[in-house]
Amino acid sequence: QVQLVESGGGLVQAGGSLRLSCAGSEHTSNFYRMAWFRQAPGKEREFVGGIRWSGGSAYYDDSVKGRFIISRDNAKNMVYLQMNSLKPEDTAVYYCAGDPKASGAYDFWGQGTQVTVSS
């Protein structure tokens with residue numbers, strides 16, 4: 001059974017940093033790609049950025065480009081989201097998601113971790 005578990009959320013002041021982790025169960029590193037999404041109160045879930053397990057650069061939504069960095073550790077089945085220069089509008093529940101077959105759909109999701117940025 002595939003599981004994705006996020007951790008690392010919390011409360012931080014504007015301008016600060018947080019590092020989120022996504023721990024995948026066995027075989028998640030065989031997935032085609034992983035991604036981070038977020039959902040703020042009263043808003044739809046939105047794409048933050050993604051990365052392929054096989055290599056290549058991560059890619060980001062314009063709202064976080066230059067501030068957030070996605071990385072992976074294939075051996076540990078881990079994906080990370082380093083968030084720098086945080087803004088109050090980054091406040092949301094952050095989700096890790098996996099696309100196992102390059103189908104275009106993220107079939108597996110974590111439970112989410114809350115990030116709150118105070119002004």
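Okay, let's start at Met-83: setting aside residues up to four places away in sequence, Met-83 touches Gly-16, Ser-17, Leu-18, Leu-20, Arg-67, Phe-68, Tyr-94 and Val-115. Contact here means heavy atoms within 4.5 Å.

Quick word on what we're looking at. This is a predicted model, where local features need pLDDT of at least 70 and side-chain atom pairs count only at pLDDT 80 or more, while totals for chains, interfaces and linings use all residues. Residues are numbered from 1 along each chain as its sequence is written, and side-chain values use heavy atoms, with hydrogens and water left out.

So where does Met-83 belong? Met-83 is in the largest nonpolar core, which has 24 residues, and together with Met-34, Trp-36, Phe-68, Val-79, Leu-81 and Tyr-94 it touches the most other members. By nonpolar core I mean buried Ala, Val, Leu, Ile, Met, Phe, Trp, Tyr and Cys residues joined through side-chain atoms within 4.5 Å. Buried is under 20% relative accessible area, exposed is over 50%, and partly exposed is in between, using a 1.4 Å probe and protein chains only. Two or more core residues come from each of E3, E4, E5, E7, E8, strand E9 (92-99) and strand E11 (113-118). Those labels are DSSP runs numbered from the N terminus: strands (E) need at least two residues, helices (H or I) at least four.

Now the sheet. Four strands make an open, antiparallel sheet in the order E1-E3-E8-E7. The edges are strand E1 (4-7) and strand E7 (68-73); each has a single partner strand, so one side of each has no neighbour in the sheet. From one strand to the next, the twist averages 15 degrees, with angles taken on a 0 to 180 degrees scale between N-to-C directions of lines fitted to C-alpha atoms. Inside that sheet, strand E3 (residues 18-24) and strand E8 (residues 78-83) run antiparallel and share six bridges; we call strands paired if DSSP finds at least two bridges between them. Leu-20 has Leu-81 in E8 as its bridge partner.

Over to the hairpins. Strand E4 (residues 33-39) runs antiparallel to strand E5 (residues 46-52), with six bridges joining them, and Phe-37 sits opposite Phe-47 in E5. Six residues lie between these two strands, and Gly-42 in that hairpin has a positive phi near 75 degrees. E5 also pairs with strand E6 (residues 59-60), antiparallel again, over two bridges. There, Gly-50 is opposite Tyr-59 in E6. That hairpin also has six residues between the strands, and Gly-55 takes a positive phi near 135 degrees.

How many disulfides do we get? The count is one, with sulfur atoms within 2.5 Å as the rule. The pair is Cys-22 and Cys-96, at 2.0 Å S to S. Cys-22 is in strand E3 and Cys-96 in strand E9, so the bond ties together parts 74 residues apart in sequence. The S-S torsion is about -70 degrees, so this disulfide is left-handed. Cys-22 is buried at 0% relative accessible area, and Cys-96 is likewise buried at 0%.

Last stop: is Ser-25 buried or exposed? Ser-25 is in the loop between E3 and E4, and at 18% relative accessibility it counts as buried. A polar atom of the Ser-25 side chain lies 2.8 Å from the backbone nitrogen of Gln-3. Beyond its neighbours within four places in sequence, Ser-25 contacts Gln-1, Val-2, Gln-3 and Asn-77.

Note on methods: Polar contact = N/O pair within 3.5 Å; in protein donor to acceptor, adjacent residues only side chain to side chain.
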